[in-house]
Amino acid sequence: MPAAAAKKNPRHEKFETKLKIVMVAFAREFPFWGVMSERCSFRVTEKTDLTSTACMDRFGTMTFNLDFWEKLTDRQFLFLVAHEISHFIFEHLPRRGDRD
């Protein structure tokens with residue numbers, strides 16, 4: 001008997017839907033950012049100890065805090081994704097060195 005599918009959090013599903021919309025907007029309106037976003041992975045969290053807003057790691061994984069994300073308009077979310085991608089493509093994290 002197959003294992004029952006895990007129930008998805010409705011807030012996470014809403015995030016995934018909005019993310020798809022943003023990726024289409026990038027491809028249409030901002031092709032450079034659309035191509036750059038394809039190099040990244042995305043995740044969402046409710047844990048504020050990980051991030052209270054959004055962050056990008058040096059491997060290209062972008063993490064969004066659900067409470068923060070839900071307050072953003074579509075255009076603000078679009079800007080935030082571009083902002084976080086810029087940390088990755090301009091290598092801000094590796095260049096940071098031992099600075100806090």
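Not counting residues up to four places away in sequence, C40 touches M56, G60, I85 and F88, where contact means heavy atoms within 4.5 Å. This is a predicted model, in which local features need pLDDT of at least 70 and side-chain atom pairs count only at pLDDT 80 or more, whereas totals for chains, interfaces and linings use all residues. Residues are numbered from 1 along each chain as its sequence is written, and side-chain values use heavy atoms, with hydrogens and water left out. Helices (H or I, at least four residues) and strands (E, at least two) are DSSP runs, numbered from the N terminus.

- C40 is located in the loop between α2 (31-37) and β1.
- With a relative accessibility of 11%, C40 counts as buried; buried means under 20% relative accessible area, exposed over 50%, and partly exposed in between (1.4 Å probe, protein chains only).
- C40 and E84 are separated by 44 residues in sequence, and their C-alpha atoms are 10.0 Å apart in space.
- I85, leaving aside its neighbours within four places in sequence, is in contact with W33, M36, S37, C40, M56 and M62.

**The sheet**

- Three strands form an open sheet of 3 strands in the order β1-β3-β2, with mixed pairing; two strands pair if DSSP finds at least two bridges between them.
- From one strand to the next, the twist averages 20°; angles run from 0 to 180 degrees between N-to-C directions, and axes are lines fitted to C-alpha atoms, for helices over the stretch in contact.
- β1 and β3 run parallel and are joined by 5 bridges; S41 has T61 as its bridge partner in β3.
- β2 pairs with β3 (residues 61-65) in the antiparallel sense over 3 bridges. In β3, M62 is the bridge partner of M56, and F64 is that of A54.
- Helix α1 (residues 10-29) packs on the sheet and touches β1 and β3, its direction making about 150° with that of β1.
- A hairpin is formed by β2 and β3, with 4 residues between them, and G60 in the turn has a positive phi of about 95°.
- Both faces of β3 are covered: T61, T63 and N65 on one side, and M62 and F64 on the other, are all buried.

**The nonpolar core**

- The largest nonpolar core has 21 residues, of which F15, F64, F77, V81 and I85 touch the most other members. Such a core is a set of buried Ala, Val, Leu, Ile, Met, Phe, Trp, Tyr and Cys residues joined through side-chain atoms within 4.5 Å.
- Two or more residues of this core come from each of α1, β2, β3, α3 (66-69) and α4 (74-89).
- The largest share, 6 residues, is given by α4.

**Packing of α1 with α4**

- The two helices α1 and α4 pack at an angle of about 75°, and their axes are 10 Å apart.
- That makes α1 roughly perpendicular to α4, a term for angles of 65 to 115 degrees, while those under 35 count as roughly parallel, those over 145 as roughly antiparallel and the rest as oblique.
- Residues making the contact include F15, L19 and V22 of α1 and F77, L78 and V81 of α4.
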